[in-house]
Amino acid sequence: MFSGWRHKIGLYLGLLLLALPLQARTIADAGDGLEIEGQPQRVVVLEYSFIDALAAVGVSPVGIADDNKPNRIVAPVRNLIGDYQSVGLRGQPNLEAIANLQPDLIIADPRRHQAVYDDLKGIAPTLLLPSLGADYPSVLHSAGLIGQALGREEQMQQRLQQHEQQMTQYREQLVTLADPNERYLFAIISSRGFTMHSPQAFASGVLARVGIQHALPQGSKQAYIKASFEQLAQANPDWLLLGIYSKEEGGDELIKRWQASPLWNFLNAAKKKQVLEVSPQVWSLSRGMVTAEQIAAEVVELNQR
């Protein structure tokens, strides 16, 4: 009898706590700090990595700066969110469109949005977090802060723990699958050239998390390094993973020219037939837990060939 009463009292207290409004909280970010209370319901995000963080705790943004290209949101993340309105380019979001959505939280990036930070704060409380050029640990840290801003810290911590467990499993698989002496390099190719992702870049941090060596030396302060063929040859990776943008617009012309050169065959990756194409949306644009897990899974699959 008493156990039944205890259960009812516990249930009542739990419902009472859920009904209580969340206390106001201050979150230290890359801006002036965010002061917020309650659970924001109408959230606008101005970078792809923030979509992943919202989806992790079951929140769908009402607006996204998606560069007017909704197909850039990777399917595993897109499937977790509902309909939204585009608010234009990440580098130049449409402030009027943002205001019309009447958001109660905006999440922006300091490198892209510092110039309009005051304007964004005039529309809604704005959380300023690094995304462009952010490394893997920073992205995970930002996810935790987003969980706090959303009033869903416990849910976010559970998702982060799940992520850590998943990444540890991938690392354990690669201990037996991957050659520990082989070095990897991920690079983006577009009509603007060839860009290597240094050890500071997001995808490189994901590879390090699962025990993969980088072809470039540690210590680079830049996440993205525009490079010539000579610089690629100097790095000489054993695996070269290429994210190619806009093939239909000639984005792959540069790599075609390099591959036609006799010098191409001297690259370790070419000799080992380990030059492979991967999705630039997954490996570069998205920068979140979902895509980190997808990158790790792809590396496991590559080493099972």
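Trainee: What makes helix α9 count as mostly covered?

Mentor: Seven of the eight residues of α9 are buried, where buried means under 20% relative accessible area, exposed means over 50%, and partly exposed lies in between (1.4 Å probe, protein chains only). The buried ones are Phe 202, Ala 203, Ser 204, Gly 205, Val 206, Leu 207 and Arg 209. Helices (H or I, at least four residues) and strands (E, at least two) are DSSP runs, numbered from the N terminus. This is a predicted model, in which local features need pLDDT of at least 70, side-chain atom pairs count only at pLDDT 80 or more, and totals for chains, interfaces and linings use all residues. Residues are numbered from 1 along each chain as its sequence is written, and side-chain values use heavy atoms, with hydrogens and water left out.

Trainee: Why is Tyr 184 called buried, and what is Tyr 184 in contact with?

Mentor: Tyr 184 has a relative accessible area of 1%, which is under the cut-off, and therefore it is buried. Tyr 184 lies in strand β8. Contact means heavy atoms within 4.5 Å, and, leaving aside neighbours within four places in sequence, the contacts of Tyr 184 include Leu 207, His 214, Trp 239, Leu 241 and Val 299.

Trainee: Why is Ala 115 called exposed?

Mentor: The relative accessibility of Ala 115 is 77%, and this is over the cut-off for exposed, so Ala 115 belongs in that class. Ala 115 lies in the loop between α5 (110-113) and α6 (117-123).

Trainee: What makes a set of residues a nonpolar core, and which members touch the most others in the largest one?

Mentor: A nonpolar core is a set of buried Ala, Val, Leu, Ile, Met, Phe, Trp, Tyr and Cys residues joined through side-chain atoms within 4.5 Å. The largest such core has 64 residues, of which Leu 105, Ile 107, Leu 127, Ile 146, Leu 241 and Trp 283 touch the most other members. Helix α14 (residues 289-302) gives the largest share of this core, nine residues. Apart from this core lies another, of 22 residues, among them Phe 229, Leu 232, Ala 235 and Leu 267.

Trainee: What makes an open space count as a pocket, and how much space lies in the largest one?

Mentor: On a 1 Å grid over the protein atoms alone, a pocket is an open set of points with protein on both sides within 12 Å along at least five of seven lines, whereas a cavity is a set of points where a 1.4 Å probe fits but cannot get out; lining residues have an atom within 4 Å of a point. The largest pocket holds about 610 Å³ of space, and of the 22 residues that line this pocket, the closest to its centre are Ile 188, Ser 190, Arg 192, Tyr 245 and Ser 284. Strand β11 gives the most to the lining, with three residues.

Trainee: How are the residues of that lining divided into classes?

Mentor: Ala, Val, Leu, Ile, Met, Phe, Trp, Tyr, Cys and Pro count as nonpolar, Asp, Glu, Lys and Arg as charged, and the others, Gly among them, as polar. By that rule the lining divides into six nonpolar, seven polar and nine charged residues.

Trainee: Why is Tyr 245 called buried?

Mentor: The relative accessible area of Tyr 245 is 15%, which is under the cut-off, so Tyr 245 is buried. Tyr 245 lies in the loop between β12 (239-244) and α11 (253-260), and among its contacts are Ile 188, Ser 190, Pro 280 and Ser 284.

Trainee: What makes the phi of Asp 67 and of Arg 287 worth a remark?

Mentor: Most residues other than glycine have a negative phi. Asp 67 has a positive phi of about 60° although it is not a glycine, and Arg 287 likewise has a positive phi of about 50°. Asp 67 sits in the loop between β4 (63-64) and α3 (75-78), and Arg 287 in the loop between α13 and α14. Asp 67, at 12% relative accessible area, is buried, and so is Arg 287, at 3%.

Notes:
Grid points are joined across faces, edges and corners, and a volume is the space filled by probe spheres set on the points.
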